[in-house]
Amino acid sequence: MAKPGRPKGTTKGDAVKYLTRDELAGFFAAVRKARDVDRRLRDGLAFGLALHLGLRVGELAGLKVGDVDADAGQVRVKALKGGLTMTQEVPPELLRRLKAWMARRDKGSPWLFPGKAAGRPITAGRWKAGFKAYAARTGLSPSFSVHSLRHSCAVAMAERGASPIKIARWLRQRRASSAEKYFAAAEFRETGRQMEAVFRGILG
């Protein structure tokens, strides 16, 4: 089971690597500063979907136009690693970006995020590199990755009272036990805040 803490500096290991709300805000602020309009729209949407839906990077890279029902505000995420294929709701903020991207993207490609190679999507490797670039501009630890957005989604759900069962379902996992590490991470963080309050003003 993964450790409940989160990485500091370049710490590696099996801690749950999630981003705090402030770190996420900084990351997406860096995305919004991208000079190219299409890249700014594309990356904001892609990483926004990765965060909201808790996507694996392979699930992000594998999204096709046919997986999107913009009128219903839904995206179908195909199963990876023995998970569940599910159709999930997209919030209004992301839906607006999704519709805008659908209008601008290469109409000749079946992929939601077409790559430079004809008929191919932006690869998982390219998404990983893109995340690292924005994270570096934000001053985030290099130990964070695209997968940290998935962890951030789950920990945020746990902090708001979602059960491991609900978290596992949203992440398209078959077993609730797969989500227990996120529940533990949220509980660990809450305990840290409580202890900070207990000793505030005492330690000098």
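The structure is a predicted model, in which local features need pLDDT of at least 70, side-chain atom pairs count only at pLDDT 80 or more, and totals for chains, interfaces and linings use all residues. Residues are numbered from 1 along each chain as its sequence is written, and side-chain values use heavy atoms, with hydrogens and water left out.

The secondary structure comes to 8 helices and 3 strands. Here helices (H or I, at least four residues) and strands (E, at least two) are DSSP runs, numbered from the N terminus. Read from that end, the elements follow the order α-α-α-β-β-β-α-α-α-α-α. The protein has 204 residues, and 42% of them are buried; buried means under 20% relative accessible area, exposed means over 50%, and partly exposed lies in between (1.4 Å probe, protein chains only). Contact means heavy atoms within 4.5 Å. Among contacts between residues at least 6 apart in sequence, 59% join residues at least 24 apart.

L24, F27, F28, A30 and V31 are the buried residues of helix 1. Seen down the helix axis, these buried residues fall within an arc of 150°, so they line one face of helix 1; the arc is that of the directions from the helix axis to the C-beta atoms. D22 and R32, on the other side, are exposed. The buried residues of helix 1 pack against helix 2 (37-53), helix 5 (124-138) and helix 6 (147-159).

In general, strands of a sheet pair through backbone hydrogen bonds, either parallel or antiparallel. Two strands count as paired if DSSP finds at least two bridges between them. Strand 1 and strand 2 (residues 74-77) pair over 2 bridges, and D69 stands opposite Q74. The hairpin of these two strands has 4 residues between them, and there G73 takes a positive phi near 70°. Strand 2 is joined to strand 3 by 4 bridges, again antiparallel, with V77 opposite M86. Strand 2 also has two faces: V75 and V77 are on the covered one, while Q74 and R76 are on the uncovered one.

What lies inside? A nonpolar core is a set of buried Ala, Val, Leu, Ile, Met, Phe, Trp, Tyr and Cys residues joined through side-chain atoms within 4.5 Å. The largest such core has 40 residues, of which F47, L49, F113, W127 and F131 touch the most other members. Helix 1, helix 2, helix 3 (57-61), strand 2, helix 4 and helix 5 each give two or more residues to this core, and helix 2 gives the most, with 8. Beyond its neighbours within four places in sequence, F113 contacts several residues, including L49, L60, W101 and W127. A second, separate core has 13 residues, among them Y18, A154, A162 and A185.

L95 belongs to helix 4 (residues 92-104) and counts as buried because its relative accessibility is 16%. Leaving aside neighbours within four places in sequence, L95 is in contact with A70, G73 and V90. L95 and L45 are 50 residues apart in sequence, yet 8.8 Å apart in space, C-alpha to C-alpha. H151 lies in helix 6 and is also buried, with a relative accessible area of 10%. Not counting residues up to four places away in sequence, H151 touches V16, K17, Y18, K181 and Y182.
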